[in-house]
Structures are given as structure tokens and as C-alpha cells.
Amino acid sequence: MGCLDSMRECCDRPKNTNIRISFPAVCFVWQTAMIILFGVFIRYDEESDTHWVEYKKEKNITSDAENDFYFRYPSFQDVHVMIFVGFGFLMTFLQRYSFSGVGFNFLIAAFGIQWALLMQGWFHSLDYTDGKIKIGVESLINADFCVAGCLIAYGAILGKVSPVQLMVLTLFGVTLFAIEEYIILNIIHAKDAGGSMVIHTFGGYYGLSISWVLYRPNLEQSKRLHGSVYHSDVFAMIGTLFLWMFWPSFNSAITDHGDGQHRAAINTYLSLASTVLTTFAISSLFQKTGKVDMVHIQNSTLAGGVAVGTAAEFMLMPYGSLIVGFCCGIISTLGYIFLTPFMERKLKIQDTCGIHNLHAMPGVIGGIVGAITAAAASKEVYGTEGLINTFDFEGHFERSPTVQGGYQAAGLCVAIVFAIGGGIFVGCILKLPIWGDVADEHCFDDEFYWEVPEEEESLHPVLEYNNHMMINKRTDMVESNFSEPQT
């Protein structure tokens with residue numbers, strides 16, 4: 001008990017947001033470590049090395065156009081934009097936290113892709129003949145995927161942590177991601193082209209678990225800043241549109257060339273389109289005046305892309321993609337309206353961006369859809385060769401579709417276990433009072449970590465609402481109208 005009391009006393013010390021020493025030290029030391037580790041381990045693969053000329057002759061490749069770069073780079077560009085522009089601008093909805101939303105997104109993504117190239121390389125592309133990690137354009141895409149999990153987790157604690165804590169979150173998040181990804185894709189041999197399980201389920205529950213550990217009982221004191229204004233919602237909508245447009249590339253980026261990649265893009269395209277209509281419908285239906293809430297449009301319209309990720313390269317059929325999107329638009333929007341306030345009141349989980357509704361729940365749905373679709377696969381639909389090619393039923397992994405469905409479900413369970421267990425562990429580390437995070441009454445404010453222009457500092461909040469975490473603003477307005485004294 002004495003040890004526990006000492007830990008509580010340590011964690012309850014007054015907050016000190018001065019990170020002048022700790023933040024530069026972490027950035028310099030960790031970047032120096034990246035340089036050293038890259039010098040020791042990282043080398044170009046055969047398609048990006050100068051020996052490509054010899055490799056072409058050895059493999060009877062007749063044209064440079066057959067280099068994987070020309071097949072993968074367009075998808076890499078799209079995914080890269082999603083990571084740095086899409087995720088970054090989606091987090092600018094808070095009226096006084098836009099610098100941190102897009103800026104810290106930039107910071108942890110830049111660090112995360114370097115650490116991901118190492119961690120994923122040690123698990124996936126280590127050449128045991130020379131002990132080196134060989135990287136190419138596909139490695140860059142996978143590193144972006146890995147970072148996406150950490151950016152999703154960032155959404156749950158947006159406005160409540162310091163940049164030093166975010167760097168720690170990313171260090172552990174990338175490490176956990178690389179391990180669970182290897183278990184799911186290589187040991188269990190589940191298929192997850194768009195990362196519904198590996199990326200979204202993991203990132204969602206990783207962030208929510210951290211947020212649960214870092215629960216702030218007096219966060220209500222920052223309510224004046226915990227909301228959006230007109231222009232911040234417009235900027236966030238820019239992020240939404242970038243993500244929405246490029247999500248077919250995200251889900252198809254590392255699938256097999258040919259029909260699998262083609263099918264993944266089509267399925268994602270259709271699921272996203274279907275989600276938009278049901279999101280608008282539910283948002284309007286649950287407002288007393290029938291108006292649409294921008295929070296729902298910024299987030300729930302993307303849920304279909306998340307949920308179709310695992311089954312993206314399967315024979316889901318176009319109508320099946322539309323059904324997945326249709327259902328996810330409803331479930332995600334209802335999550336923002338009912339589930340997020342419930343989680344804050346009853347479970348003590350403060351989810352700033354509502355990642356449970358955009359990533360975690362749709363990710364679980366995607367894993368379930370993938371398991372059912374895999375179990376239902378047949379030679380009549382896929383063809384004998386198509387079935388083997390789609391699920392890689394070769395060597396040690398020669399299975400029936402029904403068995404594969406079970407392994408898909410097992411992969412989903414692994415993602416959830418790693419996310420929750422890892423999130424609680426990392427949350428306990430981040431709870432230590434050494435990271436320079438702000439007090440409860442100073443959350444959601446750029447002023448503590450950024451030089452903010454003076455003219456901005458004099459502005460007052462225009463709108464005080466945020467359906468990411470708070471109960472529907474119009475419900476509050478209606479209640480206040482009824483409580484006004486009659487004259």
C-alpha cells in the first residue's frame with residue numbers, strides 16, 4: 001500500500017508544462033538513435049539498389065516499368081497524403097487547438113515512419129544472410145500504415161497530452177503494432193488488406209485504453225475550449241475529404257497486383273459512397289429540427305472505408321460493399337450521439353475525436369465481415385486458382401475457407417488484446433508527472449506549447465459544443481429553453 005500511495009502522490013503533483021529541455025532532448029536523442037540504427041540495419045532492396053540492372057537480367061525482366069516502384073508509388077502518394085494532410089486536418093476541429101492538431105500529427109508521423117521501418121523490417125524483411133533490412137516502396141507504405149495506428153490513438157487524447165507524451169505513445173505504439181501485425185498476418189495468416197483489424201481496431205482501442213488510464217476528472221473546467229467554431233469545422237472537413245477520396249488507395253495499396261487490388265479499390269469506393277447517405281440521414285433524423293451535425297459528417301462518412309478494409313480484396317460483391325457502408329454509417333453516427341457520452345459518464349473514457357465510432361467499432365465490424373466472407377468463400381465463386389491466390393492457401397497455410405474464417409476471427413481478438421493491454425501499460429507510463437502535460441483547466445489550448453499570434457489570443461469562443469464527447473448540443477439548448485422563467 002505504501003508503494004501505491006507513493007505512486008498516487010507522485011502522479012498528483014502540480015503540472016509543469018515547461019518542456020524546453022525534455023522535448024528537444026527527446027527529439028535530438030531519438031533522431032540520433034534513428035540515424036545510428038539505420039546505418040547499422042537499413043539498406044535498399046533489390047529493386048531500389050544499383051544492382052537492379054543485374055537483377056533484371058537474372059529474372060528476365062525486360063523493362064524498368066516492371067520495377068515495383070511504378071506499381072506502388074501512386075498508392076504510396078495517396079496514403080502519404082492521408083497520413084499527413086487527412087489525419088492532420090481532421091484534428092483541427094477544436095477552436096484553439098489547430099496548431100497542435102496538425103503540427104503534432106506531423107511530428108509523430110515523421111518519427112513514427114522511421115521507427116516503423118525498423119520494427120517492421122526486423123519482423124518482415126530482415127535478410128538473414130547479412131543481417132540487414134531491405135526496404136523499397138512497399139516498406140514505405142507499410143510504415144505509413146503503422147503510423148496510422150498511432151495517429152488514431154492520438155485522436156482519443158487530443159488536447160490533453162504534451163508532445164513528449166505523444167512521442168512516447170508513438171514509440172510504444174509502433175512497437176506493439178509491429179508485433180501484433182506479425183502475429184496476425186504471418187503466424188495466424190489472417191488477411192487484412194485495408195487494416196480493419198491490424199490498424200483501426202488496434203489504434204482505436206490502444207488510444208481508448210490510454211485515455212481511460214489518463215482520465216481527467218476536472219476536464220469540465222476546459223469546456224470553454226472544448227468545441228469548434230465555424231472555420232475550424234471547415235478545416236476539419238478538408239481532412240475528411242482527403243481521407244474519403246484516397247481511402248480506396250489505402251485499402252488496396254499493398255494487395256496483390258491485378259484483380260485483388262482492382263477489387264479492393266472498387267469495394268472501398270462503393271462502401272464509402274453508401275456510408276455518406278446513411279450518415280446524413282441519421283444525423284438529421286436525431287436532431288429535433290432535422291438539421292445536420294458537421295461532427296457526424298466529418299467522421300462517420302469515413303466509417304465504411306474502415307469496415308470494408310479486411311474484406312476489401314475478397315469477393316464481397318458490389319452490393320455487399322454497399323450494405324457494409326450502409327450499416328456503418330448508421331452505427332457510427334449513433335455512436336457519436338449516444339455511445340460517446342455514455343462512455344464518458346459511465347466508463348470514464350474521454351474520447352476527444354470519437355475514435356471509438358470512426359475506427360474501433362467499424363474496425364471490429366470489418367474484422368467480423370472479413371471472417372464471415374472468408375468462411376463463405378467457395379470454388380464456385382472464386383475458382384480454384386482464385387481461391388488459392390486470394391487467401392494464399394499454400395504450403396503450411398493450406399486450409400479450407402471455413403477454417404480461414406476462424407483464423408480471421410482469431411486475428412481480430414489478437415488486435416483487441418494487444419491494443420487494450422498495451423494501451424493500459426503505456427497509459428500508466430504517460431501518467432507519471434514528468435512529461436509536461438497541462439492541468440485539467442488548460443486542456444485544448446495551443447498557448448502552452450506554441451507561439452500563438454497575439455490577435456488570436458484576444459478572441460473568445462463563438463460556439464461551445466463538441467459532439468465528439470458531449471451530449472447533443474441542441475438537446476442542451478432545448479432543455480435550457482424550457483428552464484427559462486416566463487415573463
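Visitor: What makes the meeting of Asp-68 and Arg-72 a salt bridge?

Guide: The rule asks for a side-chain nitrogen of Lys or Arg within 4 Å of a carboxyl oxygen of Asp or Glu. Here the side chains come to 3.7 Å, N to O, so the pair qualifies. This is a predicted model, in which local features need pLDDT of at least 70 and side-chain atom pairs count only at pLDDT 80 or more, while totals for chains, interfaces and linings use all residues. Residues are numbered from 1 along each chain as its sequence is written, and side-chain values use heavy atoms, with hydrogens and water left out.

Visitor: How many salt bridges does that rule give, and how far apart along helix 4 are Asp-68 and Arg-72?

Guide: The count comes to 12 salt bridges. Because Asp-68 and Arg-72 are four residues apart in helix 4, about one helical turn separates them. Helices here are DSSP runs of H or I with at least four residues, strands are runs of E with at least two, and both are numbered from the N terminus.

Visitor: How do you know that strand 1 and strand 3 pair?

Guide: Pairing takes at least two bridges found by DSSP. Strand 1 and strand 3 (residues 132-135) have three bridges, in the parallel sense, so they pass. Ile-42 stands opposite Ile-133 in strand 3.

Visitor: Which strands are called edge strands?

Guide: The open sheet has three strands in the order 1-3-2, with mixed pairing. Strand 1 (42-44) and strand 2 (126-127) each pair on one side only, and these are the edges.

Visitor: Which strands does helix 2 lie across, and at what angle to strand 1?

Guide: Helix 2 (residues 22-41) lies across strand 1 and strand 3, at about 55° to strand 1. Helix 5 (residues 98-124) lies across strand 1, strand 2 and strand 3, running at about 105° to strand 3. Contact here means heavy atoms within 4.5 Å; the angles, from 0 to 180 degrees, compare N-to-C directions of axes fitted to C-alpha atoms, for helices over the stretch in contact.

Visitor: What makes one space a pocket and another a cavity?

Guide: On a 1 Å grid over the protein atoms alone, a cavity holds points where a 1.4 Å probe fits but cannot get out; a pocket is an open set with protein on both sides within 12 Å along at least five of seven lines, and lining residues have an atom within 4 Å of a point. The largest pocket has a volume of about 1,000 Å³. Of its 42 lining residues, the closest to the centre are His-124, Glu-138, Asn-142, Leu-185 and Ile-254.

Visitor: How many cavities of 30 Å³ or more does the search find?

Guide: Two. The largest has about 100 Å³ of space and 15 lining residues, with Leu-90, Met-91, Cys-353, Ile-355 and His-359 nearest its centre.

Visitor: Why do Asp-256, Asp-259, Arg-263 and Glu-313 count as charged?

Guide: Asp, Glu, Lys and Arg form the charged class, so these four belong there. The second largest cavity's lining also includes Gly-260, Asn-389 and Thr-390, giving no nonpolar, three polar and four charged residues. Helix 10 (259-285) and helix 16 (384-391) each supply at least two of the lining residues. In the largest cavity the lining has 10 nonpolar, five polar and no charged residues.

Notes: Points joined across faces, edges and corners; volume = space filled by probe spheres on them.
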